[in-house]
Amino acid sequence: MSVSAVRNIDANGRQAGRATAPKESHWVGTPDMQALPLAWAAPLWDADRLLLGQRVARLEHCLQAGQKSQQTSASWTLHISTEDHGDQTQTGFDAVVLAVPAPVASALLQDVPQAQSLLPSLAKVQMDPCWAITLAYPM
């Protein structure tokens, strides 16, 4: 997409100015936006390590004392709802990356004591919709 096609619109729907050209790369998936994450996840799929059709319903973060040392280790447990196999629990994760909108992250972290300090910041995040359109004209 040409950045010159991007316009700033005011609350009344009138053009309010021209967007400045971005300095970072932008990606548009074809034939749809799902194509990007699927392409990026292809190595996981090829290694049979990509699990689809699962929804994380709840997170738990546990601290475990080491048996032979004084160190403690952290472990995450994911409570998952699956399309094919119902509710499941997966445990033993060293870290969890939440690549979801702030309201979803807040709901997942609500019952995690170690994450309580993040909740006020997540509550302040204002979400706006993002619309994208791709047009093609005959040459």
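Let me start with helix α3, residues 102–109. Ala102, Ala105, Ser106, Leu108 and Leu109 are buried there. Looking down the axis of α3, those buried residues fall within an arc of 165 degrees, so they line one face of the helix. On the other side of α3, Pro103 and Ala107 are exposed. Please keep in mind that this is a predicted model.

Staying in this region, Leu98, Val100 and Val104 make up a nonpolar patch on the surface. Together the three have about 200 Å² of accessible area. Val100 sits in the loop between β5, which is 86–93, and α3. Its relative accessible area is 37%, and the cut-offs are under 20% for buried and over 50% for exposed, so Val100 counts as partly exposed.

Now the chain as a whole. What does it contain in terms of helices and strands? There are four helices and five strands. In sequence order, the pattern is β-β-α-α-β-β-β-α-α. The protein chain has 139 residues, and 14% of them count as buried.

Next, a buried residue in a strand. Thr77 lies in β4, residues 72–82. With a relative accessibility of 9%, Thr77 is counted as buried. Which residues does Thr77 touch, leaving aside its neighbours within four places in sequence? They are Arg58, Leu59, Glu60, Thr89, Gln90 and Thr91. With Thr91 there is also a polar contact, side chain to side chain, at 2.9 Å.

Two residues on that contact list, Arg58 and Glu60, bring me to the last item. How many salt bridges does a search of the whole structure find? The search finds one. It joins the side chains of Glu60 and Arg58, at 3.2 Å from N to O. Are these two residues buried, exposed or partly exposed? Glu60 is partly exposed, at 28% relative accessibility. Arg58 is partly exposed as well, at 36%.

To go back over the main points: α3 has buried residues along one face, with Pro103 and Ala107 exposed on the other side. Leu98, Val100 and Val104 form a nonpolar surface patch. Thr77 is buried and is in contact with both Arg58 and Glu60, whose side chains meet in a salt bridge.

Notes
Residues are numbered from 1 along each chain as its sequence is written. This is a predicted model: local features need pLDDT of at least 70, side-chain atom pairs count only at pLDDT 80 or more; totals for chains, interfaces and linings use all residues. Side-chain values use heavy atoms; hydrogens and water are left out. Helices (H or I, at least four residues) and strands (E, at least two) are DSSP runs, numbered from the N terminus. Buried means under 20% relative accessible area, exposed over 50%, partly exposed in between (1.4 Å probe, protein chains only). The arc is that of the directions from the helix axis to the C-beta atoms. Patches are made of residues with over 30% relative accessible area and no salt bridge: like charges are joined within 9 Å, nonpolar side chains (Val, Leu, Ile, Met, Phe, Trp, Tyr) within 5 Å. Accessible areas come from the Shrake-Rupley method with a 1.4 Å probe; for residues, only the protein chains shown count as cover. A salt bridge is a side-chain nitrogen of Lys or Arg within 4 Å of a carboxyl oxygen of Asp or Glu. A polar contact is a pair of N or O atoms within 3.5 Å; within protein, one must be able to donate a hydrogen and the other to accept it, and residues adjacent in sequence count only if both atoms are side-chain atoms. Contact means heavy atoms within 4.5 Å.
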